[in-house]
Amino acid sequence: MSKPIHPDEWLMSAKSLPVGQTRRVRHGRESRSNMVISNKPDRYTAYCHACQRGGIVLKEHAYLGKLPEPEPLEVPTDLIPVHEHVGAMTFLASKNIPMLPTYTNGLLFSPSRRRIIINTPQGVLGRHIGSSPAKWITYNKQTYASVGYATPDAQMVVITEDTLSAWKTGIVATELGLRVQMFAALGSQISTQLMLRLLAEYSGVPIIVWSDGDKGGEKFRDRWAQQVRAMNLLGGSYIPAKNYDPKDYPIITVAEILKSMAAYKFEPGRAYGLL
């Protein structure tokens, strides 16, 4: 069992929050805000998604006042095309999603929730464009997402952590003429539901995890390597640059990486690490 994060690393920041609120902050020398801290009525909490450790400090006196209203978990109804909202387009540009119709068609935006809405066969997802601690909401409690550009005769499968990375990578693959089935794992591990689908539909083609370039992504690649060996699958992982995820790369780089994946000769049960 991993050691909890020492309160000296996060407690003062959590105490600075209003009761009922959470915030994403940096943990130690992490370059991204991977740790979520919260001020709950009866305790302070922290959890770092990069090192997958957390901490809890109970309060001596519980707060009995009224808490802020949580964001509704129903799919928003005030949806507009994403290109009609400057803030949403600015956010996509900051995430290296090209401002071209090919890459924005199909993306919607909810002004009231400030979320980019993505419809997938498994359900609807919403990405907040501000500082909400809940960056992503899975409105249908889905555990993975197959993102557009699906092909019944895929030559390979590529799995990213987040949906925007899968969205961008899938479009680049289509423009290259590659038959790539894209999945977003919605985190740094493959759910049981996604694994069952991979085994049922794609066990005969290479399955490649393209995770983020952080500690969570490294653990994702390690777990996938164990699964490839245990189940004698064709597959491996792309090893990204530090602190990069797939959508951070320019289109031309994504294209070169996909072409190298497609050209690689995989053997069953060997977990390849591609650079």
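Analyst: Two strands pair if DSSP finds at least two bridges between them. Strands (E, at least two residues) and helices (H or I, at least four) are DSSP runs, numbered from the N terminus. This is a predicted model, where local features need pLDDT of at least 70, side-chain atom pairs count only at pLDDT 80 or more, and totals for chains, interfaces and linings use all residues. Residues are numbered from 1 along each chain as its sequence is written, and side-chain values use heavy atoms, with hydrogens and water left out.

Let's settle on strand β12, residues 180-184. Five of its five residues are buried (under 20% relative accessible area with a 1.4 Å probe, protein chains only; over 50% is exposed, in between is partly exposed), so β12 is largely enclosed by the rest of the structure. Val180, Met182 and Ala184 point one way from β12, while Gln181 and Phe183 point the other way.

Now for β12's partners. Strand β11 (residues 156-160) pairs with β12 in the parallel sense, over five bridges, and there isoleucine 159 sits opposite phenylalanine 183. Strand β10 (residues 145-146) runs antiparallel to β12 and is joined to it by two bridges.

Most residues other than glycine have a negative phi. Leucine 186 has a positive one, near 60°. With a relative accessible area of 28%, leucine 186 is partly exposed.

Axes here are lines fitted to C-alpha atoms, for helices over the stretch in contact, with angles from 0 to 180 degrees between N-to-C directions. Contact means heavy atoms within 4.5 Å. On the α4 side it is made by Lys168, Thr169, Val172, Ala173 and Leu176, and on the α7 side by Ile251, Val254, Ala255, Leu258 and Lys259. By class, that's seven nonpolar, one polar and two charged residues (Ala, Val, Leu, Ile, Met, Phe, Trp, Tyr, Cys and Pro are nonpolar, Asp, Glu, Lys and Arg charged, and the others, Gly among them, polar).

Helix α4 also lies across β7, β8 and β9, at about 60° to β7. Those strands belong to an open, antiparallel sheet of five, in the order β5-β6-β7-β8-β9. β5 (80-81) and β9 (136-138) are the edge strands, each with a single partner, so one side of each has no neighbour in the sheet. β5 pairs with β6 (residues 108-110) over two bridges, where isoleucine 80 has phenylalanine 109 as its bridge partner. Another helix, α2 (residues 86-94), lies across β6, β7 (115-120) and β8 (123-128), and runs at about 75° to β7.

One last stop: a second open sheet has four strands in the order β1-β2-β3-β4, with antiparallel pairing. Its neighbouring strands are turned by 15° against each other on average, direction ignored. β2 (residues 35-39) and β3 (residues 43-48) are joined by five bridges, with isoleucine 37 partnered by alanine 46 of β3.
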